[in-house]
Amino acid sequence: MDRPGGALSGRANTALLALPVAFLLVFFAWPVANIVGEGLRGDGRWDLSGVGQVLGDPDLRHVAWFTLWQAAVSTVATLVVALPAAHVLARYEFRGRRIVQALATVPFVLPTVVVGAAFLALLGERSPLGVDGRGTVTAIVAAHVFFNHAVVVRTVGGLWEGLDPRTEEVARVLGASRFKAFRAVTLPALRPAIVSAAVITFLFTFTSFGVVRILGGAGHATLEVEIYRQTADLLNLPVASVLALLQLLAVGALLVVQARIERRRRTAGVALRPAVRTRVGTAGERAWLAGNLAVLALLLGAPLACLVERSFRTSGGHGLNGWRALGEVSRGSALFVSPMEAVINSLKFAVVATLLAVVLGGLAAAALARAEGRTARGLDALLLLPLGTSAVTVGFGFLIALDRPVDLRASPWLVPIAQAVVALPFVVRTMTPVLRSIDPRLREAAAMLGASPGRGWREVDLPLVRRAVLVAAAFAFAISLGEFGATTVIARADAPTVPVAIARLLGRPGPLNSTQAFALSTILMVLTAGAVLLVDRWRGRDEPGSSGWV
Amino acid sequence: MNRSHLRRAGLLLAPIVLLAAACGDTTETVDPADPGPSTDPVTLTLLTHDSFAVSDDVLAAFTEATGITVKLLRGGDAGTVVNQAILTKGAPQADVLFGIDSTFLSRALDEELFVPYEAAGSEDVPEELVLDSEHRVTSIDYGDVCLNYDKAYFADAGVTVPATLEDLLDPEYDDLLVVQNPATSSSGLAFLFATIAEFGEDGWEAYWQGLVDNGVEVTEGWEEAYYGSFSGGGTSEGTRPLVVSYASSPPAEVVFADPPVEEAPTGVIDASCYRQIEGAGILAGTDHEAEAGQLIDFLLSVPFQEDMPLSMFVFPVNPQASLPKVFLDNTSVPTNGYELPTAEIDAHREEWIDTWTDLVVR
């Protein structure tokens with residue numbers, strides 16, 4: 001597609017891409033190539049025995065199949081539950097909407113240890129719902145929906161509320177039914193965001209680790225879990241390398257398919273405008289809103305409520321002892337950092353990781369949004385590959401790849417860098433569609449009215465870019481705050497983050513330890529919800545995309 | 001427009017450049033490849049697992065006495081840490097490793113991961129607690145994995161507490177036991193080793209078949225078993241009164257009780273314990289071998305040894321270190337824990353886990 005107003009020369013695009021690509025080469029491709037290479041040619045000779053071992057092992061084939069189908073089921077379930085919620089939050093104004101929106105983001109940033117514990121409380125032996133769902137696929141899928149709900153609501157909702165509702169109204173005036181107007185007008189405009197959210201959800205569930213490990217019981221393992229076992233527990237690098245390649249191939253194939261869909265269905269620039277929310281009018285609308293809020297309350301609220309409840313639990317009933325204990329650093333030991341310290345560590349890491357991810361991802365998104373053709377699509381897909389790579393592969397890759405020329409392995413920067421590698425694809429995913437959807441005609445109009453290209457960019461692109469940056473930054477911040485996988489696999493300096501502190505507390509006996517862990521989880525939850533609300537307020541009301549990631 | 005865009009990009013890049021510069025700074029001070037004159041204060045890096053803990057004042061006293069600063073590097077669980085060290089052999093990321101046990105010892109020794117060092121006081125360590133007679137690894141603590149039971153359950157139900165592993169097959173105890181998956185949990189693996197040590201290579205599979213028939217529950221990790229399925233702990237959610245945990249869990253129930261309690265609600269079944277000895281070693285390739293030796297001495301010294309029970313909930317190997325009262329009151333110091341030869345573990349671990357998985361969870 002031709003974009004006269006926005007085409008940058010190929011050289012400028014290359015310049016924009018240089019840094020993000022260099023970053024990913026050094027902190028992703030090189031470590032992964034190193035560890036996979038170590039597995040495939042340990043003694044300097046190519047040794048492909050791992051391939052035979054993997055393909056010939058029915059257990060491993062079973063793992064691959066389970067990984068695939070549970071991800072597909074989880075993705076569909078997430079879309080079914082989250083798309084109506086995205087509609088309600090994007091289109092209706094109601095009391096407490098902002099708080100609901102902020103709370104709906106929380107599950108995404110909670111560390112898996114905490115979510116696992118909450119779901120065990122909800123679906124365990126003494127389940128308040130009366131169902132023992134441990135070890136079932138249903139529990140895994142429910143937890144996946146809980147986790148990824150925000151991805152869909154935020155990605156799709158951000159675009160949805162910026163769409164002009166009048167186009168749909170025009171269609172209805174012309175005689176289309178509500179459903180038909182939605183299908184013919186709104187759905188095509190939303191499609192890029194839906195595809196994007198579905199792909200991210202699929203990648204997330206395809207590479208699911210903590211949820212499957214905790215809730216899946218011994219009978220269910222994903223490739224990610226198996227790669228972890230083969231690498232960290234058994235140091236069986238030949239098999240681990242083959243599995244890592246297999247996972248990478250599967251993810252690559254998915255991305256190629258998605259790029260093809262996008263090429264065929266690329267929508268023209270959709271005009272975004274300030275969000276218009278209406279109060280519910282008809283009884284049908286009221287029921288729709290109430291129904292959706294009820295689903296949110298059950299699916300997202302119940303596990304979160306379980307967490308808070310458990311932070312107040314004592315041996316005899318309920319009390320504040322867990323919270324009080326948080327204030328006292330037990331015995332001045334190095335294990336029990338004060339929660340304040342863990343919170344500060346978490347925030348520090350999150351700020352650095354966010355900065356890295358947004359700057360690098362923003363550059364990449366700017367280049368991708370303006371570029372067309374095969375190369376752009378290829379790069380787009382390549383930037384998503386870190387999502388398809390197991391944290392343990394990257395973490396162990398760091399160990400053997402980053403000791404020269406400077407030994408970075410013990411550096412405190414490694415954790416935020418690893419988190420930035422994880423967050424980068426999300427930033428690119430979030431920013432590219434918004435940047436792409438900027439109507440070139442606006443820019444042309446500005447140029448025609450005599451604005452210089454710089455001014456055109458400043459006054460047309462910048463407000464929308466600013467939103468996209470904020471949306472992406474919140475995404476990256478949230479990922480970094482809750483990130484647990486990469487943080488634990490990398491040997492790191494002793495600066496425990498909140499998720500790490502929670503895991504340590506949960507890992508030892510004694511009632512005070514578990515209530516403290518849940519109190520810390522509650523703090524993490526409040527912190528995230530608070531940050532989301534704050535950014536929302538600071539950015540001002542009623543700009544398009546205010547139910548986007550911030 | 002191009003220029004304004006790029007200038008903006010330049011502004012955005014400034015933090016990265018700063019960051020890169022900062023990276024250089026921080027790594028310089030810890031770079032083990034930079035020996036520096038020996039009179040300078042030395043910083044040692046101690047690679048360890050997530051459960052490592054020491055009281056601040058105890059560690060500070062070491063730094064004051066020796067001038068050596070200790071920097072902790074955590075690498076995940078014990079197995080992951082050892083595997084990381086094997087992977088970085090020759091270019092170690094730390095000077096000393098703490099947290100190697102018999103499960104991974106044989107592999108680490110085969111890989112020649114450690115430099116031999118005879119620590120001050122190591123001659124006093126009881127022989128049954130010595131991990132390596134050639135002093136490549138120095139034993140520091142032991143923390144046995146034992147069955148814990150819910151005292152109230154057995155008192156209320158009027159059932160005797162099982163005394164041996166064999167007892168667990170009794171129909172009287174059906175649906176009462178929860179264990180961890182040995183593929184994903186170190187305590188689960190230790191319990192599997194205990195059953196192999198008791199029933200032998202030929203008998204353990206039949207024993208586990210018996211446990212399955214008697215309704216054993218399997219969880220992935222210790223947390224899920226102890227908090228989710230076990231009934232005995234202070235905030236335990238479950239209904240099963242028997243769990244695979246540690247000899248030190250009952251004292252922990254008292255130390256972290258809420259509100260305070262006099263006596264632990266749980267007890268240890270003595271004849272079910274698997275011995276887990278943890279050691280430390282100087283990583284080959286370190287530039288601070290002499291100082292690393294001082295750190296090993298410290299780990300074996302009375303102040304550190306007496307700090308361990310309440311910070312890591314393990315038992316000291318140094319016979320001069322005394323145990324805190326809460327340990328003496330609420331658990332027995334395990335004496336005859338099951339053990340398997342480390343070479344045998346290394347040769348069969350994967351095969352045992354695979355067999356167990358087929359038998360119990362598939």
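pLDDT is the predictor's confidence in each residue, on a scale from 0 to 100.

Two sentences on conventions. This is a predicted model, in which local features need pLDDT of at least 70 and side-chain atom pairs count only at pLDDT 80 or more, while totals for chains, interfaces and linings use all residues. Residues are numbered from 1 along each chain as its sequence is written, and chains are lettered from A and ligands numbered from 1 in the order in which they are written.

Chain A as a whole averages a pLDDT of 79, with 86% of its residues scoring at least 70. Residues 1-8 of chain A have a pLDDT below 50, and this stretch has 15 contacts in the model beyond near neighbours in sequence. A contact means that the C-beta atoms of two residues, placed from the backbone, lie within 7 Å. For residues 540-550 of chain A the pLDDT also stays under 50, and there the model has 45 contacts beyond four places in sequence.

Chain B has a mean pLDDT of 85, and 89% of its residues reach 70 or more. Residues 1-38 of chain B are below 50, with 42 contacts beyond near neighbours in sequence. For the complex, the predictor gives an ipTM of 0.75 and a pTM of 0.79.

Now the make-up of chain A. It contains 22 helices and 1 strand. Of its 550 residues, 56% are buried. Buried means 20 or more other C-beta atoms within 10 Å of the residue's own, exposed means 12 or fewer, and partly exposed is in between, again with C-beta atoms placed from the backbone. Among the contacts in chain A with a separation of 6 or more, 83% join residues 24 or more positions apart.

Which residues of α21(A) are buried? They are V498(A), P499(A), V500(A), A501(A), I502(A), A503(A), R504(A), L505(A) and L506(A). That is 9 of the 9 residues of helix α21 (residues 498-506) of chain A, so the helix is largely enclosed by the rest of the structure.

In the loop between α21 and α22 (511-539) of chain A is P509(A). P509(A) counts as buried, with 31 C-beta neighbours inside 10 Å. Apart from neighbours within four places in sequence, it is in contact with Y226(B), G233(B), S245(B), S249(B), A252(B) and E253(B).

Next, two helix pairs. Helix α18 (residues 440-448) and helix α19 (residues 453-482) of chain A cross at roughly 135 degrees, and their axes come within 9 Å. That makes α18(A) oblique to α19(A). On the terms used here, angles under 35 degrees are roughly parallel, over 145 roughly antiparallel, 65 to 115 roughly perpendicular, and the rest oblique. In this contact L442(A), R443(A), A446(A) and A447(A) of α18(A) meet P453(A), G456(A), E459(A) and V460(A) of α19(A).

The second pair is in chain B: helix α4 (residues 102-110) and helix α12 (residues 342-360) pack at about 90 degrees, their axes 7 Å apart. α4(B) and α12(B) are therefore roughly perpendicular to each other. From α4(B), S102(B), T103(B), L105(B), S106(B) and R107(B) meet T342(B), A343(B), I345(B) and D346(B) of α12(B).

Last, two backbone angles. L235(A) is not a glycine, yet its phi is positive, about 50 degrees. Its place is the loop between α10 (223-233) and α11 (237-265) of chain A. Is L235(A) buried or exposed? L235(A) is buried, with 20 other C-beta atoms within 10 Å.

E112(B), also a residue other than glycine, has a positive phi near 50 degrees. This residue sits in the loop between α4 and β4 (114-115) of chain B. E112(B) counts as exposed, with 11 C-beta neighbours inside 10 Å.

Notes:
Axes are lines fitted to C-alpha atoms, for helices over the stretch in contact, and angles run from 0 to 180 degrees between N-to-C directions. Helices (H or I, at least four residues) and strands (E, at least two) are DSSP runs, numbered from the N terminus.
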